[in-house]
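Here's a guided look at one protein chain, meant for someone meeting it for the first time. Keep the sequence and the 3D view open as you read.

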Amino acid sequence: MSQLDLASEAGISTRHLSFVETGRAQPSREMLLHLAERLEVPLRDRNVLLVAAGFAPRFAERPLDDDAMRPARRAVELILAGHEPHPAIAVDRHWQLVSANRAVPPLLAGAARVLLQPPVNVLRLSLHPDGLAPRILNLAEWRAHLLARLRRQIELTADDTLIALLAELVSYPGGVSSSPPADHGDIAVPLRLATRSGVLSLLGTTTVFGTPVDVTLSELALETFFPADTATAEMLRGLAA
């Protein structure tokens with residue numbers, strides 16, 4: 001976003017914005033929050049920005065088992081359960097598994113037990129040679145997709161844990177692919193997973209809470225998968241039955 005665009009969206013002059021950027025003007029707490037919202041700065045980093053400017057943090061960070069988070073937990077569980085018989089999971093900012101619906105465990109057969117011990121990192125579980133990787137038929141495509149998402153997340157957060165996770169994941173075998181998926185043109189990358197029932201072809205979507213004011217909740221994501229073909233839909237119904 002250009003300085004002119006940011007100033008226009010924030011409702012201030014480019015001159016004042018320039019003064020804020022160079023330290024010639026001291027922004028108010030409200031102005032910092034206003035600019036951070038326009039720039040889509042994550043809530044965690046907005047707290048850091050406020051503290052650096054001499055203000056108290058604005059956004060609470062509660063654990064998911066806090067009583068105040070009960071409505072959010074209930075909403076997550078309702079979404080996951082309602083998505084059955086299709087698989088769905090909830091993950092935190094480090095891709096640690098928070099919850100999963102009943103369609104997920106049957107898909108994890110054969111993964112090393114150590115990878116399934118809490119806390120389960122779903123990226124590690126997906127790409128590790130002792131995890132799901134040997135059963136992902138389009139591993140190069142799926143690996144490139146996941147690594148691209150992780151790199152983008154690191155660009156936004158500069159999170160040390162994610163940086164270390166990326167270094168680990170790129171060391172795994174699996175190849176790299178920049179070509180579009182063969183069976184869905186260039187619209188999406190499906191996960192093609194071999195199971196005892198046959199090959200599942202799944203299209204994924206990511207859902208986040210729309211108006212969070214808690215750091216933990218803002219970093220929670222629901223990864224939901226839909227059948228990409230009729231055979232997959234039938235197999236998932238069969239697994240559920």
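## The sheet

Start with the five strands, which line up as an open sheet in the order E2-E1-E5-E4-E3, with antiparallel pairing. Strand E2 (97-100) and E3 stand at the edges with a single partner strand each, so one side of each has no neighbour in the sheet. Neighbouring strands are turned by 30° against each other on average, direction ignored. Two strands count as paired if DSSP finds at least two bridges between them. Helices (H or I, at least four residues) and strands (E, at least two) are DSSP runs, numbered from the N terminus.

A word on what you're looking at: this is a predicted model, where local features need pLDDT of at least 70 and side-chain atom pairs count only at pLDDT 80 or more, while totals for chains, interfaces and linings use all residues. Residues are numbered from 1 along each chain as its sequence is written, and side-chain values use heavy atoms, leaving out hydrogens and water.

Let's zoom in on E1 (88-91). Four bridges join E1 to E5 in an antiparallel run, and Ala 88 sits opposite Thr 224 in E5. On the E2 side, E1 pairs over three bridges, again in the antiparallel sense, with Ala 90 opposite Ser 99.

Are the residues on the two faces of E1 buried or exposed? They're all buried: Ala 88 and Ala 90 on one side, Ile 89 and Val 91 on the other. Here buried means under 20% relative accessible area and exposed means over 50%, with partly exposed in between (1.4 Å probe, protein chains only). In a regular strand, side chains alternate between the two faces of the sheet.

Further along the sheet, strand E4 (residues 198-208) and E5 pair in the antiparallel sense over seven bridges.

Helix H10 (residues 230-240) lies across E4 and E5, running at about 85° to E4. For these angles, axes are lines fitted to C-alpha atoms, for helices over the stretch in contact, and values run from 0 to 180 degrees between N-to-C directions.

## Helix H7

H7 has a set of buried residues, including Leu 139, Trp 142, Leu 146, Leu 150 and Ile 154. The buried residues of H7 pack against helix H6 (122-127), helix H8 (160-170), strand E3 (191-195) and strand E5 (221-227).

## A pair of helices

Now look at helix H3 (residues 29-38) and helix H4 (residues 43-52), whose axes come within 10 Å and cross at roughly 150°. That makes H3 roughly antiparallel to H4, a label for angles over 145 degrees. On the H3 side, the contact is made by Arg 29, Leu 32, Leu 33, Ala 36 and Glu 37, and on the H4 side by Arg 46, Leu 49 and Leu 50. Contact means heavy atoms within 4.5 Å.

The bond from Glu 84 to Pro 85 is cis, with omega near 15°, and Pro 85 lies in the loop between H5 and E1. The bond from Pro 118 to Pro 119 is cis as well, with omega near -5°, and Pro 119 is in the loop between E2 and H6.

Next come two positive phi values. Trp 95, in the loop between E1 and E2, has phi near 65° and is buried, with a relative accessible area of 8%. Ala 158 follows H7 and has phi near 55°, but Ala 158 is exposed, at 52%.

## The chain as a whole

In total, the chain has ten helices and five strands. Buried residues make up 39% of its 241 residues.

Note on methods
Parallel < 35°, antiparallel > 145°, perpendicular 65-115°, else oblique.
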